[in-house]
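I opened this model to go through its fold and a few of its residues. My notes follow in the order I looked things up.

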Amino acid sequence: MHKIMALDIGTKRIGIALSDYLQVIATPHSTIPRVPELKAIEMIINLAKENRVEKIIVGVPINMDGSKGFQAQDCIDFSQKILGFDIIQEDERLTSEEAEERLRARKVDFRKNKGLVDMESAAIILEQYLSRK
């Protein structure tokens with residue numbers, strides 16, 4: 001079996017989560033800087049290869065009315081540069097809010113480390129995908 005990776009692509013950082021080999025559990029992994037973009041893509045590819053990932057789930061922030069705005073297109077454009085993996089788009093509406101709620105429930109202070117929210121959001125994106133699989 002292979003792991004599945006999820007990405008929460010922001011303008012400053014990219015949150016990363018990984019599944020276990022049974023593809024049941026999603027775990028926040030890390031964040032990487034979004035720029036320079038080629039470096040970010042290289043880091044994602046290397047991390048995916050190290051973890052035997054074949055599929056990458058990319059969170060796309062769909063608007064509440066179902067349309068795709070600038071941020072959604074930016075995530076799609078970025079993900080198309082990650083070559084050698086199955087890329088699947090996943091609606092990530094409201095994942096940041098849910099991530100903040102989860103961190104608050106665990107009494108984790110994320111105000112000074114927004115990367116924690118990005119990693120948790122990536123895990124939620126992955127959980128959504130895994131629950132349908």
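I note that the model is predicted.

Entry 1: Val 35 and Pro 36 are joined by a cis peptide bond, with omega at about 0 degrees. Most peptide bonds are trans. I then looked for Val 35 relative to Arg 13. The two are 22 residues apart in sequence, yet their C-alpha atoms are 8.0 Å apart.

**Entry 2: the sheet.** In what order do the strands of the open sheet run? I read S3-S2-S1-S4-S5, five strands with mixed pairing. S3 (26–33) and S5 (86–91) are the edge strands; each has a single partner, so one side of each lacks a neighbour in the sheet. From one strand to the next, the twist averages 25 degrees. I looked at one pair in detail. S1 (residues 3–9) and S4 (residues 53–60) run parallel and share five bridges. Across that pair, Ala 6 stands opposite Ile 57 in S4.

**Entry 3: helices on the sheet.** H1 (residues 37–50) packs on the sheet and touches S1, S2, S3 and S4. Its direction makes about 150 degrees with that of S3. H4 (residues 115–132) also packs on the sheet, touching S1, S2, S3, S4 and S5. The direction of H4 makes about 40 degrees with that of S2. I checked the length of H4. Its 18 residues should span 26 Å at 1.5 Å a residue, and the end C-alpha atoms are 26 Å apart, so the two agree. H4 is mostly covered, with 13 of its 18 residues buried.

**Entry 4: the cores.** Which residues touch the most other members of the largest nonpolar core? I listed Met 5, Leu 7, Ile 14, Ile 44, Ile 56, Phe 78 and Ile 82, out of 20 residues. S1, S2, H1, S4 and helix H2 (70–79) each supply at least two residues of this core. H1 gives the largest share, six residues. Beyond its sequence neighbours within four places, its contacts include Ile 16, Leu 18, Ile 44, Leu 47, Val 53 and Ile 56. A second, separate core has eleven residues, among them Ala 6, Ala 122, Leu 126 and Tyr 129.

**Entry 5: Arg 13.** Arg 13 sits in strand S2 (residues 13–19). Is Arg 13 buried, exposed or partly exposed? Its relative accessibility is 28%, so I count Arg 13 as partly exposed. The side chains of Arg 13 and Asp 118 make a polar contact of 2.5 Å. Leaving aside neighbours within four places in sequence, Arg 13 also contacts residues including Asp 8, Thr 31, Arg 34 and Lys 114.

Entry 6: Gln 23 lies in the loop between S2 and S3. Gln 23 is buried because its relative accessible area, 14%, is under the 20% cut-off. A polar atom of its side chain is 2.6 Å from the backbone oxygen of His 2. Contacts of Gln 23 beyond four places in sequence are Met 1, His 2, Ile 4, Leu 130 and Lys 133. I checked phi last. Most residues other than glycine have a negative phi. Gln 23 has a positive phi, near 60 degrees. Leu 94 has a positive phi too, near 65 degrees. Leu 94 lies in the loop between S5 and helix H3 (95–105).

Note on methods. Residues numbered from 1 in each chain as written. Predicted model: local features only at pLDDT ≥ 70, side-chain atom pairs only at ≥ 80, totals over all residues. Heavy atoms only, no water. Helix = DSSP H or I, 4+ residues; strand = E, 2+ residues; numbered from the N terminus. Buried < 20%, exposed > 50% of the residue type's maximum accessible area, 1.4 Å probe, protein only. Contact = heavy atoms within 4.5 Å. Polar contact = N/O pair within 3.5 Å; in protein donor to acceptor, adjacent residues only side chain to side chain. Pairing = 2+ DSSP bridges. Axes fitted to C-alpha atoms, helices over the stretch in contact; angles between N-to-C directions. Core = buried A, V, L, I, M, F, W, Y, C linked by side-chain atoms within 4.5 Å. Expected span 1.5 Å × (residues − 1).
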